[in-house]
Amino acid sequence: MNNIKLRHLITIVLIPGFIISLTIACKKYLPEERETIGADSQFTNTVFQPILGRTTVFENNFYKGSTTYPVDFKIINPRRRNGDPAPELTDVFPVTVWKSGEAYTGEEKSMEEIDAKREKQNRNLFEIYPNNGNFVLWSEANSSFMRAMPDSGYVFDVEVSNSGGRRYFRDLKLMPYREQPYAPSGYDAISGQQLTNGVPPSVVSFIKGDTSNRYLSPSDIDVYIRKIVNPLKTHGQSLTFKFLDKDYRYINPAKFTNTNWEGLVHGFNMQKTDSSVSYNVAFPIPLVELRTRYTNANGNMAVVRFGYSRIGFAGSRENAVLGLDFAIYEPGDWEIVFAFKNDNPKFSDD
């Protein structure tokens with residue numbers, strides 16, 4: 001009886017140990033999982049058509065499929081469509097980038113604070129982020145030396161690699177459009193020619209005409225976004241707002257009494273006169289695609305609103321609003337002029 005109990009006890013002790021040893025042995029000899037470049041992986045976008053003169057990022061281009069991360073992306077063999085070398089894509093140029101850990105927030109209090117967050121780095125003008133496959137064309141790329149539509153542009157290949165191997169994705173295309181220094185604009189996307197000088201405002205609300213006594217519409221107002229010729233070549237970092245009546249006389253900005261002039265744009269050192277309001281600003285506007293109190297919901301356009309209040313029909317108060325959603329991509333001294341071409345705004349009460 002004692003021998004049976006002893007054998008039973010030995011079994012209880014040895015079997016778990018055997019199972020553990022077997023498990024360890026199995027784990028030891030199981031093949032390790034290897035990284036791979038999946039045959040089903042692909043670029044979902046193979047033709048890239050940015051507008052020159054502005055930094056453009058193309059995100060979520062790569063479908064990973066069964067590819068195991070991390071991977072390394074690399075542009076190789078960039079060339080013109082006729083096969084000639086493309087030194088404009090292989091050489092490095094100084095480009096403006098945000099310093100690591102110094103992101104723009106929209107709450108910066110001075111030009112100096114913004115400038116301190118940016119620096120020049122020597123980079124290729126067209127790059128791929130090595131860890132995620134996003135492409136970027138830097139704003140320093142321009143049509144003075146880059147091929148642009150209607151030219152057929154460039155072809156390039158991408159190498160995707162990890163410790164398990166590498167795969168090549170060939171003949172992706174870069175076909176830039178010519179510069180459009182601001183938006184909205186009347187530029188032709190292919191020729192780059194300016195077809196119209198003015199654009200309509202984004203918002204016109206409860207602005208009554210002084211002589212017609214009707215509410216004006218966007219078609220009654222032209223907005224001119226233009227670069228000021230600066231013979232003194234001063235700092236080139238300004239934005240000025242002006243208003244013209246139908247006889248091309250200046251309207252005093254002070255008449256727009258409901259305007260938040262101090263918070264109109266992310267600018268500094270505001271200067272107000274009887275004919276204009278100016279700010280020192282950093283370019284581009286907006287500085288990055290980020291929603292702030294100065295932009296639309298997407299963060300890709302700056303938003304300005306000018307307003308005034310008057311007593312309208314039957315003693316009702318009307319809050320008039322004139323507004324523009326815009327972007328300016330090229331540094332310089334710029335002005336935005338709102339020209340009332342058919343009737344002047346009525347600022348007085350009825």
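The model is predicted: local features require pLDDT of at least 70 and side-chain atom pairs count only at pLDDT 80 or more, whereas totals for chains, interfaces and linings use all residues. Residues are numbered from 1 along each chain as its sequence is written, and side-chain values use heavy atoms, with hydrogens and water left out.

**Sheet**

- An open sheet is formed by three strands in the order E3-E9-E8, with antiparallel pairing; strands (E, at least two residues) and helices (H or I, at least four) are DSSP runs numbered from the N terminus, and two strands pair if DSSP finds at least two bridges between them.
- From one strand to the next, the twist averages 15°, where axes are lines fitted to C-alpha atoms (for helices over the stretch in contact) and angles run from 0 to 180 degrees between N-to-C directions.
- E8 is joined to strand E9 (residues 135-137) by three bridges, and the two run antiparallel. Phenylalanine 126 has leucine 137 in E9 as its bridge partner.

**Cavities**

- The whole structure contains two cavities of 30 Å³ or more. On a 1 Å grid over the protein atoms alone, a cavity is a set of points where a 1.4 Å probe fits but cannot get out, a pocket is an open set with protein on both sides within 12 Å along at least five of seven lines, and lining residues have an atom within 4 Å of a point.
- The largest cavity holds about 150 Å³ of space; a volume is the space filled by probe spheres set on the grid points, which are joined across faces, edges and corners.
- Its lining comprises 17 residues, with Tyr104, His266, Ile285, Pro286 and Leu287 nearest the centre.
- That lining has 14 nonpolar, three polar and no charged residues (nonpolar: Ala, Val, Leu, Ile, Met, Phe, Trp, Tyr, Cys and Pro; charged: Asp, Glu, Lys and Arg; polar: the others, Gly among them).
- The second largest cavity, of about 30 Å³, is lined by Leu52, Gly53, Glu179, Gln180, Pro181, Tyr329 and Glu330.

**Largest pocket**

- The largest pocket has a volume of about 1,400 Å³. Its lining has 43 residues, of which Thr55, Trp98, Pro284, Leu287 and Val288 are closest to the centre.
- E3, strand E6 (93-98) and strand E7 (118-123) each contribute at least two lining residues, and E7 gives the most, with five.
- By class, the pocket lining has 18 nonpolar, twelve polar and 13 charged residues.

**Salt bridges**

- The whole structure has 23 salt bridges, each a side-chain nitrogen of Lys or Arg within 4 Å of a carboxyl oxygen of Asp or Glu.
- Glutamate 107 and arginine 293 form a salt bridge (3.3 Å, N to O). Glutamate 107 is in the loop between E6 and helix H3 (111-116) and arginine 293 in the loop between strand E17 (277-281) and strand E18 (302-311), so the pair ties together parts 186 residues apart in sequence.
- Glutamate 108 and lysine 117 meet at 2.8 Å, N to O, in a salt bridge, and both are buried (buried is under 20% relative accessible area, exposed over 50%, partly exposed in between; 1.4 Å probe, protein chains only).
- The salt bridge of glutamate 127 with arginine 123 spans 3.4 Å, N to O; glutamate 127 is buried at 16% relative accessibility, while arginine 123 is partly exposed at 23%.
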